[in-house]
Amino acid sequence: MRGRSNIRCAGIAAAMLMLGACAGGNFRPVADAPARIGPAYTVRGTTYVPAAAPDYDALGYASWYGPESGNRTANGERFRPGGITAAHTTLPLPTYVEVTALDTGRRIIVRVNDRGPFAAGRIIDLSRGAAEQLGMKAQGHAPVRVRRVEPSEKDRKKLREGKAAAALPPLSPQELRTLRAQLAPAAR
């Protein structure tokens, strides 16, 4: 009797696993480990070489994307447009970055879990949720500073769940002027 009960339980468990796989696809669970760097890859004739970049700090332009809802991100997670995520061409997946809108001084922390953008002059693609939080959704793209950060575990957990991290104070007008002046020559 006991053997039949174990076999029946094993059969039910197997059926549940198969149904779960059908319902959720083969997406990777949202997690911070393992961080993936990945091999070099080429898109539209440009080769990108992913690498660890603990001191990453760049000025450029951000855009946002969102119609790919439910698609698989480069690190295997399901893309959620409302989440606070982003795509970057070379940073390890996942990586956390602070994105500052240079037109307003607003700052947010974003979880990078995808590859892109593949448009000239763009350094990061934000999800719709991140673009809304940064206040740049209406214009579609904006000048930004992107800086790698190590947020608290509490903020990491929120971002893994698709929620916003703790609010950051905006940059001062003086800091913004300095960054805008640095961006101007780089954009030429």
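**Exercise 1.** In which sense do strand β3 and strand β8 pair, and over how many bridges?

*Solution.* A note before starting: this is a predicted model, where local features need pLDDT of at least 70, side-chain atom pairs count only at pLDDT 80 or more, and totals for chains, interfaces and linings use all residues. Residues are numbered from 1 along each chain as its sequence is written, and side-chain values use heavy atoms, leaving out hydrogens and water.

Step 1: find the strands, β3 at residues 57-65 and β8 at residues 141-148. Strands (E, at least two residues) and helices (H or I, at least four) are DSSP runs, numbered from the N terminus.

Step 2: read off the pairing, which is antiparallel over seven bridges; strands pair if DSSP finds at least two bridges between them. As an example, leucine 59 has arginine 145 in β8 as its bridge partner.

**Exercise 2.** Work out which residues of helix α3 are buried, and what covers them.

*Solution.* Step 1: in α3 (residues 153-160), pick out Asp155, Arg156, Leu159 and Arg160. Buried means under 20% relative accessible area, with a 1.4 Å probe and protein chains only.

Step 1: check the arc around the axis, taken from the directions to the C-beta atoms. These residues span only 135°, so they sit on the same side of α3.

Step 2: look for the cover, which includes β5 (95-101) and β6 (107-114); contact means heavy atoms within 4.5 Å.

Conventions: Buried < 20%, exposed > 50% of the residue type's maximum accessible area, 1.4 Å probe, protein only.
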